[in-house]
Amino acid sequence: MKGVKAWAGRWIAMPVVLGFLACEGAVARELPEFTQLAEKNGPTVVNISTTQKKSAGRSLPHGFDVPEFPEGSPWGDLFKRFFGDPPEGGHGAPEQFDSRSLGSGFIIDGEGHILTNNHVVENADEILVKLNDRRELRAELVGADKRSDIALLKVEAKDLPVTKLGRSSEIKVGEWVMAIGSPFGFDHSVSVGVVSAVGRSLPSESYVPFIQTDVAINPGNSGGPLFNLDGEVIGINSQIFSRTGGYMGLSFAIPIDVAMEVVSQIKDRGYVTRGWLGVLIQDVTRELAESFGMKKPMGALVAKVLENSPASKAGIEVGDVILEFNGRDIVYSSDLPPMVGRTAIGTDARVKLLREGKTRMVKVPIAELPTEEELAQAPQRPSRASDNRLGIAVTELSAEQRKQLEVDRGLVVTEVSPGPAAEAGIRRGDVIVKLNNVNVESASQFRDVVDKLPKGRSVPVLVQRRSGPIFLALRTPEE
């Protein structure tokens with residue numbers, strides 16, 4: 001009987017095991033197959049190389065001479081390689097050489113238009129495109145947009161393979177994607193992964209809601225396509241986050257919807273325009289949210305309203321928190337610039353604000369974003385003091401903050417970096433009421449007070465916190 005029971009147990013267990021194996025096989029069969037995808041779309045991807053004429057002085061600094069080395073010394077060869085033999089009576093003349101860069105791109109139509117990154121072809125004297133069938137063609141730069149890092153090229157050729165464009169607005173986190181490019185010059189390399197996040201903002205980029213993936217991207221992949229499983233391009237591989245210069249698991253692609261909007265403007269008018277609100281914004285921290293009476297930190301806090309801007313004309317004020325733009329929530333302050341940038345110029349945008357504890361809706365007529373040169377000429381942050389020698393950034397209080405903290409004056413600390421202020425115990429969210437026994441009234445006056453502080457001495461700072469006022473001792477730097 002024991003034998004019968006044992007066999008019975010085995011027969012009962014076997015279907016379970018077989019079922020598990022069948023399930024495992026089903027999962028394996030459901031994993032994506034990239035061979036056909038790579039084979040079909042590989043020919044649409046191109047290798048892009050550029051040359052740029054540069055001059056470099058190969059001479060030693062004035063007053064220095066090439067040292068004398070024994071005959072045949074490798075050090076002598078090394079110096080000659082980098083500095084050359086100076087001409088008679090001189091220290092060497094600048095020499096012209098070709099600077100080369102490498103990237104990727106993809107063909108978007110039968111007319112020969114190719115999409116890539118601006119940084120791949122920027123300042124290039126010559127652009128060479130190499131196709132999958134080994135044809136090499138000179139490309140013309142039709143137009144480029146530095147702010148979105150998009151460039152449109154054109155080649156003259158027939159029978160060009162064309163990519164199929166998808167919609168980046170429809171992608172979902174977790175879906176499989178594939179990249180094709182030329183990392184480190186290895187043509188038509190394929191790498192795969194998943195979408196890690198969408199709508200990601202990077203510190204140096206204000207107008208692109210990036211697609212974050214874990215696809216292996218390296219130098220040379222820039223400008224190449226990111227495909228979904230339907231073989232549609234949903235993004236342009238553009239950047240990586242790395243501490244080593246190589247791939248570390250974080251790569252970012254420009255959504256194809258954003259790219260094609262840029263392409264359309266380049267074709268129509270030769271340049272790109274964007275919507276403009278005219279505000280300088282910052283994130284709402286937990287401390288600031290509490291001071292505004294908000295349940296959680298969200299939105300874009302207005303730190304400055306530029307003169308004669310759409311925001312100024314619409315009545316937006318410093319201290320307002322922008323919660324919605326055209327019905328879309330602003331979770332982080334970085335969500336706002338891409339939304340404004342893609343809004344049609346001349347249209348009215350509906351903006352939901354929080355001011356003094358109450359929400360209100362305003363209409364803002366969106367204007368064209370000024371050029372970087374025009375923005376640089378305008379005063380940038382008179383209502384916000386930063387980059388001072390104390391290592392803090394401050395901004396003026398709103399009426400609601402004054403009421404919440406029961407103060408008549410002061411500046412709220414928005415950033416604290418390593419330096420005297422951090423060593424004194426000042427932290428983000430503190431309100432500086434007095435500095436060196438001088439009442440703090442405005443951001444511009446705060447800068448004047450800081451400039452006049454004695455060097456290398458401790459000065460008193462009165463800060464207001466939710467727990468109450470407290471004096472701190474701040475030692476100023478020696479220089």
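**Exercise 1. Place Asp145 in the fold and say which residues surround Asp145.**

*Solution.* Start with the secondary structure: Asp145 belongs to strand S6, residues 140-145. Helices (H or I, at least four residues) and strands (E, at least two) are DSSP runs, numbered from the N terminus. This is a predicted model, in which local features need pLDDT of at least 70 and side-chain atom pairs pLDDT 80 or more, while totals for chains, interfaces and linings use all residues. Residues are numbered from 1 along each chain as its sequence is written, and side-chain values use heavy atoms, without hydrogens and water.

Next, check burial. Asp145 has 8% relative accessibility, so Asp145 counts as buried (buried is under 20% relative accessible area, exposed over 50%, partly exposed in between; 1.4 Å probe, protein chains only).

Now look for partners. The Asp145 side chain makes a polar contact of 2.4 Å with the side chain of Arg274. A polar contact is a pair of N or O atoms within 3.5 Å; within protein, one must be able to donate a hydrogen and the other to accept it, and residues adjacent in sequence count only if both atoms are side-chain atoms. Beyond four places in sequence, Asp145 is in contact (heavy atoms within 4.5 Å) with Asn118, Ile150, Val262, Val272 and Arg274.

**Exercise 2. Follow Ile150 into the largest nonpolar core.**

*Solution.* First, the rule: a nonpolar core is a set of buried Ala, Val, Leu, Ile, Met, Phe, Trp, Tyr and Cys residues joined through side-chain atoms within 4.5 Å. The largest one has 25 residues, and Ile150 is listed with Phe106, Leu115, Ile236 and Ile254 as having the most contacts inside it.

Then ask which elements build this core. Those giving two or more residues are strands S7 (150-154), S9, S11, S13 (232-240) and S14, and helix H5 (256-269). H5 gives the most, with six residues.

Finally, list neighbours. Leaving aside residues within four places in sequence, the contacts of Ile150 include Leu115, Asp145, Ile236, Ile254 and Val262. A second, separate core of 20 residues includes Ile426, Val459, Leu472 and Leu474.

**Exercise 3. Find the aromatic pairs and classify each one.**

*Solution.* Rings of Phe, Tyr and Trp (its six-membered ring) pair if their centres lie within 6.5 Å; planes under 30 degrees apart count as stacked, over 60 as edge-to-face and the rest as tilted. The count comes to two aromatic pairs.

- Phe34 and Trp176 have ring centres 6.0 Å apart and planes at 65°, so the pair is edge-to-face. Phe34 lies in the loop between helix H1 (2-30) and helix H2 (35-41), and Trp176 in strand S9 (residues 176-181), so the pair ties together parts 142 residues apart in sequence. Phe34 is buried at 14%, whereas Trp176 is partly exposed at 33%.
- Phe210 and Phe252 are also edge-to-face, at 6.3 Å centre to centre and 75° between the planes. Phe210 is in strand S11 (residues 205-213) and Phe252 in strand S14 (residues 251-255), so this pair ties together parts 42 residues apart in sequence. Both Phe210 and Phe252 are buried.

**Exercise 4. Work out how the buried residues of helix H12 are arranged.**

*Solution.* In H12 (residues 443-451), Ala443, Gln445, Phe446, Val449 and Val450 are buried. Down the axis of H12, these residues fall within an arc of 155°, so they line one face of the helix; the arc is that of the directions from the helix axis to the C-beta atoms. To finish, look at the N-terminal end: Ser442 caps H12, with a side-chain oxygen 3.2 Å from the backbone nitrogen of Gln445.
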